Amino acid sequence: MNRTLVGAISALLLAAAGLFWWQGRAATEADAPPPPVPVETAPLGEADAIPTENGDGLMGGALPEADEATREEKRFNRLDRNRDNLINRNEALAPRVAAFRKLDTDHNNLLSFEEWAVATSNRFKGADANGDGQLTRPEFATTKPKAAKKPACRC
């Protein structure tokens with residue numbers, strides 16, 4: 001009995017608090033400032049003139065410009081080759097095919113451990129400038145992947 005009474009009272013209190021919150025929010029929105037004044041549509045010097053019914057001499061605001069695609073949209077569009085707004089497995093793996101083919105020296109579409117080991121060993125030997133079998137910090141810094149070239153400005 002006690003639990004039922006406490007539950008009913010707390011439900012009524014929550015409903016009342018929600019009602020007051022909702023009414024307070026409506027009052028806040030009713031007292032909101034007016035929207036910003038639009039760009040003047042009258043010619044310069046005639047800001048107070050009343051426009052004619054056919055709108056002679058009036059000029060509207062600037063046309064909206066299309067915003068640039070976000071970084072993620074551009075990245076998605078690079079992979080979505082057939083533009084169906086879906087990326088399938090082949091589209092997702094296509095950028096890696098060229099790198100795989102460089103490692104697959106016998107062209108059987110299988111990368112064996114030997115093929116990978118030879119490529120890795122050659123990369124290590126190329127970075128080891130003094131040939132001592134160890135990479136110093138400056139030698140290791142030469143193995144850093146090259147940054148992609150940024151496109152020239154389209155000014």
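**The pocket and the ring pair**

Tutor: The largest pocket has a volume of about 250 Å³. This is a predicted model, in which local features need pLDDT of at least 70, side-chain atom pairs count only at pLDDT 80 or more, and totals for chains, interfaces and linings use all residues. Residues are numbered from 1 along each chain as its sequence is written, and side-chain values use heavy atoms, with hydrogens and water left out.

Student: What makes a set of points a pocket or a cavity?

Tutor: On a 1 Å grid over the protein atoms alone, a cavity holds points where a 1.4 Å probe fits but cannot get out, whereas a pocket is an open set with protein on both sides within 12 Å along at least five of seven lines, and lining residues have an atom within 4 Å of a point. The volume is the space filled by probe spheres set on the points, which are joined across faces, edges and corners.

Student: Which element gives the largest share of the lining of the largest pocket?

Tutor: That share, seven residues, comes from α4, a helix being a DSSP run (H or I, at least four residues) numbered from the N terminus. Trp116 is among the lining residues.

Student: Why is the pair of phenylalanine 113 and tryptophan 116 called tilted?

Tutor: Rings pair if their centres lie within 6.5 Å, and planes under 30 degrees apart count as stacked, over 60 as edge-to-face and the rest as tilted. Here the centres are 5.8 Å apart and the planes stand at 40°, so the pair of phenylalanine 113 and tryptophan 116 is tilted.

Note on methods:
Helix = DSSP H or I, 4+ residues; strand = E, 2+ residues; numbered from the N terminus. Phe/Tyr/Trp six-rings, centres within 6.5 Å; stacked < 30°, edge-to-face > 60°.
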